[in-house]
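Hi everyone, thanks for coming.

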Amino acid sequence: MIATFDEYKKEYQKSIENPEVFWDGVANEFSWKQKWTKTLEWNFEEPKVKWFIDGKFNITENAIDRHLPAKANKTAFIWEPNSVDAEHRIITYQNLYDEVCKLANTLKSLGIKKGDRVCIYMPMIPEAVFAMLACARIGAVHSVVFAGFSASALSGRIQDSDCKIVLTTDGAYRGVKDIPIKAVVDEALEVCLSVKNVLVYKHTNTPITLQDGRDLIWQDVVSKAANTCEPELMDSEDVLFILYTSGSTGKPKGVVHTCGGYMVYTCYTFQNVFQMDSGTEVERSRNLFWCTADVGWITGHSYIAYGPLLAGVSAVLFEGVPTFPDAGRFWKVIDKHKVTHFYTAPTAIRALEAAGLDFVKPYNLDSLKVLGSVGEPINEEAWHWYNKNIGKEKCPIVDTWWQTETGGILISSLAGVTPSKPSFATLPMPGIQPLLVDEKGNEILGNNVEGNLCIKFPWPSMIRTTYGDHDRCKKEYFSTYPGLYFTGDGCRRDENGFYRITGRVDDVMNISGHRIGTAEVESAINAHADVVESAVVGYPHDIKGQGIYAYVIVPSTTKDHETLKKEIIAEVNKIIGPIAKPDKIQIVSGLPKTRSGKIMRRILRKVAEGDVSNLGDTSTLLDPTVVDEIVKGKL
Ligand code: PRX
């Protein structure tokens, strides 16, 4: 582990001068059944990236078995339920082994084999992590779908990767809500022919209907399964999981990650960024990590499930929401379990800041050592509030920049080791070679510059393909600037070479840290029978970072606008889920289009931001009067 800034500089240098030797050294720390014969093969044209070629192993052996028997009684997870009155659960590494093996055997008995796709649609309970690991144990490919997505979004994802089975629960608690998860699955499966079984974990005792021959109750079958399961021998480049994420065009795409590189990189970054292995043995034994993400997102994959378990640490798994029963819940959980390393999103920090310090004051938070941020740019004000009121100015803050496609953290400070700077992700991790380019793809050299963020050399946990459509992967990430991986983010490099991510430069929005494509929301809005056309943009939002602003054309004869807006929101909820619902809807009679029919989003963004003083050149528009109407009608 890197322990000083000088060590970081040396390690970084080594990783750039000789990446293969560098990553060989990191990968050697893991347990392999057969060593790789070649470290890396790559080109960014096809693209083709392979790491640790011919290496054979199983990631669960490294995340679980490797820690046994020494850590058999060590806590892997403390599960904190949604309700403050419910009991928390402790899952030791031995419990984890038993539960994962039992579930893996159950999946096998249901005919699931290496390479089969398994959909996991579950709330934040330990069984969701068991499910991911059970798939990995037998070489099945998990596709976790965030349990807040609608039936239609779920079925689209199940169909895209032809999942054979869905693992789910009867219901889910989220704050005051009791969500009927199984009912959503039932609706989704009406159009999914590939699914042969549904395994339902009884969690809320919400009444459910079981389809004969298809649906099974988890507790009934898993309890009967054997608690040892030989791990499937996996090749480094066998697929570990698919995770759907939004792009700038079309439907969400299935980002594919493979076993070897993902294992090596998530563990390496977890250990170095959060520094849980620093300090005395006693201090280390008390360390407790808490990442508040959901396993339905990449943060949950890499820094709830895989990274912490590969590193053999103890972590909190939280079912609830930050504001239930009140805005002190995070701080209460930190004090209750003595969390030392806390990793959350700026949107949560801003919401809790807005709730006021009265919700923080009852808690002393003195167990905390390191704070983290992820998912969107953290504004300076939120950074300082977090630093002062939660970290009490004694906890380094790591602002970790990365993406579903990167698999792990690419740019971040290392807690207490490398410098941090408010609202800057700062420096690249060893092995990461960022560069800034201008619109034409020319590299922007030097410091104090701004441009589009690209990466010029592969790293182990990078995206391999988009499931079932390699061309899409090429177009989306490797074609804008040939020879480079394009992140879709704008970025500034300051006078010290520190990186600050400024936000997406494509048609992807970041709503409360969730990535949503404008095209996706538009197509959901357009599904409403009265909508002729729509255009969606992001706009600055105090809590969410960005909100969704929709311009919608409806025929003048239709119902009153308030009813219509409610219906449009309901349509988006139905097609995608509540996270994508527009914050503002403006009914318009036309959209600013060029003569070639292209919507000038630049203008729509400015109007949504409230910056109408300088809308730039509108002379190329087919009908410039549309702009006046939009400005007048701005919400
Ligand atoms: O725009 C960047 C933003 O989130 C995008 C990736 O979203 P997703 O794939 O859902 O992964 C989120 C969790 C890793 C990026 O393209 N983003 C993520 N982290 C940061 C960030 N923007 C600024 N600072 C960050 N620390």
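First, a term: a residue is near a molecule if one of its heavy atoms lies within 4 Å of it. This is a predicted model, so local features need pLDDT of at least 70 and side-chain atom pairs count only at pLDDT 80 or more, while totals for chains, interfaces and linings use all residues. Residues are numbered from 1 along each chain as its sequence is written, and side-chain values use heavy atoms, leaving out hydrogens and water.

Now, the ligand. There are 17 residues around it, and Asp399, Thr400, Thr404, Asp489 and Arg515 come nearest. By class, that shell has six nonpolar, six polar and five charged residues (Ala, Val, Leu, Ile, Met, Phe, Trp, Tyr, Cys and Pro count as nonpolar, Asp, Glu, Lys and Arg as charged, and the others, Gly among them, as polar).

What about specific atoms? A polar side-chain atom of Arg504 sits 2.8 Å from a ligand oxygen. The protein covers 95% of the 540 Å² of accessible area that the ligand has on its own (Shrake-Rupley method, 1.4 Å probe).

On to the cysteines. How many disulfides are there? Counting pairs of cysteine sulfur atoms within 2.5 Å, we get zero. For Cys163, the nearest cysteine sulfur belongs to Cys119, 5.0 Å away. The sulfur of Cys229 is 5.5 Å from the closest one, in Cys101, which is too far for a bond. Is Cys163 buried or exposed? Buried, because its relative accessibility is 1% (the cut-offs are under 20% for buried, over 50% for exposed, partly exposed in between, with a 1.4 Å probe and protein chains only). Cys229, at 4%, counts as buried too.

Terms used
Polar contact = N/O pair within 3.5 Å; in protein donor to acceptor, adjacent residues only side chain to side chain.
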